Amino acid sequence: KRVVYFNSPLGVTSAIQRFSAFCSAAAILGMSVEEVPLHDSLRPDDTIITDLLGKANKPTAAVCWIAGTAYDLIANCKAHEIRIPADLTIVAFDGHSTPQDAIWSLSAVRAPWAQVARTAVLLLDSVLKGESVPEQTILPLEFIPGSTS
């Protein structure tokens, strides 16, 4: 019921919207969310996750704004003997493929990247022709279950 959300420090619109939507859905389900903006990648020697897990009201899940952060978090947990998913469930957005050397298959929400690219090209073409385009385009996502949840 307690989630730590590792977010982008960049103020990227999609990351802000992703976090806001996540918090809204989590609130409906009675979950509390603690945002941790990352200014760099998580290194195995960082104590951020052990500090969070050392709290009385420790998180049971972590959500990462991109898969790369999740893989950094997995390495951090491994270095600190934190069991995934027994001690901490990890889920990420973007659903990039698992790196070849990874022992984990990451649970992730994946966007249809080919469809995203096609839509971007079509919207750009419309803009170049002087046509109006919507401010926001919503595409379907899918959840890819993995061994981290």
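Predicted model: local features only at pLDDT ≥ 70, side-chain atom pairs only at ≥ 80, totals over all residues.
The protein chain contains 4 helices and 6 strands, and, read from the N terminus, its elements follow the order β-α-β-α-β-α-β-β-α-β. Of the contacts in the protein chain between residues at least 6 apart in sequence, 72% connect residues that lie at least 24 apart. The protein chain has 149 residues, of which 33% are buried, and its accessible surface amounts to about 8900 Å², with 59% of this area belonging to carbon and sulfur atoms.

On that surface, I28, L29 and M31 form a nonpolar patch, and together these residues account for about 330 Å² of accessible area. Within this group, M31 is located in the loop that runs between α1 (13-28) and β2 (32-37). The relative accessibility of M31 is 32%, so this residue is classed as partly exposed, a class that lies between buried, under 20%, and exposed, over 50%.

With regard to the cysteines, the structure holds 0 disulfides. C64 takes part in no disulfide, and the nearest cysteine sulfur, which belongs to C77, is 9.0 Å away; a disulfide would require a pair of cysteine sulfur atoms within 2.5 Å. C64 has a relative accessible area of 0% and is therefore counted as buried, whereas C23, with a relative accessible area of 24%, is partly exposed.

Terms used:
Residues numbered from 1 in each chain as written. Heavy atoms only, no water. Patch = residues over 30% accessible without salt bridge, like charges linked within 9 Å, V, L, I, M, F, W, Y side chains within 5 Å. Areas by Shrake-Rupley, 256 points an atom, 1.4 Å probe, with all protein chains shown as cover. Salt bridge = Lys/Arg side-chain N within 4 Å of Asp/Glu carboxyl O. Helix = DSSP H or I, 4+ residues; strand = E, 2+ residues; numbered from the N terminus. Buried < 20%, exposed > 50% of the residue type's maximum accessible area, 1.4 Å probe, protein only. Contact = heavy atoms within 4.5 Å.
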